[in-house]
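Open the model in your viewer and keep the selection panel at hand. The stops below go from ring pairs to charges over rings and then to a sheet.

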Amino acid sequence: MIKKKISINNNKINFKKSKFVITKNTHFIFILLFLIPPIITMSLRCFSMTLNEPLYEGMLVKGKLNTDEKIWFNKRQIVPHSNGVFYFGIPQGHTDTLILQYEKHTPTEIIKTQKKFEVKQQRWKETKINGLQKNKVNISTKNQERIKKENILLNEKRTEYNKDFFPICFTRPIPSKKYRISGDFGARRILNGITGSGHSGTDYAAPTGTPIISPADGIIVVAHNDMFLSGKTILINHGYGIFSSYSHLSKISVQSGKHIKRGEKIGEVGSTGRSTGPHLHFTLTWFNIRVDPEQVFNNYPCIVSE
Ligand SMILES: [Zn+2]
């Protein structure tokens, strides 16, 4: 009797199981036939790009892209790292709508489109600087030629692509509490009473000899001992279009071509070139587009509590 009961129960169980399987398969087939194809088509046509919005002028934008997608800004392709993360810079003064050109490669077609973003305007400060050497404000023709050559050297280096490095985060070039910000990025400067252009970087005032460290891994592409305006000057290529420069140093500790790690010492604060006191004039660029260093350190820090 007992054996029979068990047998009946087993039959019941099997019957239930097989019924369940049939129901599940039916649903599965329904999903396959009616839902998945449209979802696949939609996802193939959708761009997965994400950006750290809101966007504003003078900003280094960080975003993420799928491997089958490509984007361009101002006809320059924005190349992402193998993890999909990319950067691009919005120039100071770019307050119009920003247009990114898109391309997506699906198995059957290449979809081309564009996407528009609003760019917020910044309120730039005005800085008055007096006491600069007259020959460094009213610059002679000979010295203007020298500045031009020095700028060409730096700007040409800033067009080079390097994919050996990728800055996932940025550390300030002078460790915290050892500096005072004496000049904001973008501030319109009045030099000895003459209105100059917007400040191309951030000034960190610190005593002569204060160590300067690299904010990210990279390669030294310029180590110049005497530039007319920026004195002892360093330019680092951090990869994927990101460059940092260091002006007015009292000492340079690295040579051109040297690979550098984030946090490694590259030189010391000074007052060489056009300067009224010891400070580091620091710039960050995406190729030749200057961005606000403080925005970058605040938005993409290596140590959250920095
Ligand atoms: Zn400066």
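The tour follows, one selection at a time.

The model is predicted: local features need pLDDT of at least 70, side-chain atom pairs count only at pLDDT 80 or more, and totals for chains, interfaces and linings use all residues. Residues are numbered from 1 along each chain as its sequence is written, and side-chain values use heavy atoms, with hydrogens and water left out.

**Ring pairs**

Rings of Phe, Tyr and Trp (its six-membered ring) pair if their centres lie within 6.5 Å; planes under 30 degrees apart count as stacked, over 60 as edge-to-face and the rest as tilted. That rule gives 14 aromatic pairs.

Select tyrosine 87 and phenylalanine 170. The ring centres of tyrosine 87 and phenylalanine 170 are 5.8 Å apart with the planes at 70°, so this is an edge-to-face pair. It connects distant parts of the chain, 83 residues apart: tyrosine 87 belongs to strand β6 (residues 85-89), and phenylalanine 170 to the loop between α2 (141-157) and β11 (180-183). Helices (H or I, at least four residues) and strands (E, at least two) are DSSP runs, numbered from the N terminus. Buried means under 20% relative accessible area, with exposed over 50% and partly exposed in between (1.4 Å probe, protein chains only). Tyrosine 87 is buried at 2%, and phenylalanine 170 is buried at 0%.

Next, select phenylalanine 166 and tyrosine 240. Their ring centres lie 5.2 Å apart and their planes are at 85°, so the pair is edge-to-face. Phenylalanine 166 is in the loop between α2 and β11, while tyrosine 240 is in the loop between β17 (231-239) and β18 (242-249), 74 residues apart. Phenylalanine 166 is buried, with a relative accessible area of 14%; tyrosine 240 is buried too, at 8%.

**A cluster and two charges**

Select Phe73, Phe86, Phe88, Tyr161, Trp286 and Phe287, which form one aromatic cluster. A charge sits over a ring if NZ of Lys or CZ of Arg is within 6 Å of the ring centre and within 35 degrees of the ring normal. Arginine 76 lies over the face of phenylalanine 287, 3.7 Å from the ring centre. The charged end of lysine 163 is over the ring of tyrosine 161, 5.7 Å from its centre.

**An open sheet**

Finally, show the strands β15, β21 and β19, which in that order make an open sheet of 3 strands with antiparallel pairing. Two strands pair if DSSP finds at least two bridges between them. Which strands are at the edge? They are β15 (211-213) and β19 (251-252), each pairing on one side only. β15 pairs with β21 (residues 265-268) in the antiparallel sense over 3 bridges. Select isoleucine 213 to find lysine 265 of β21 opposite.
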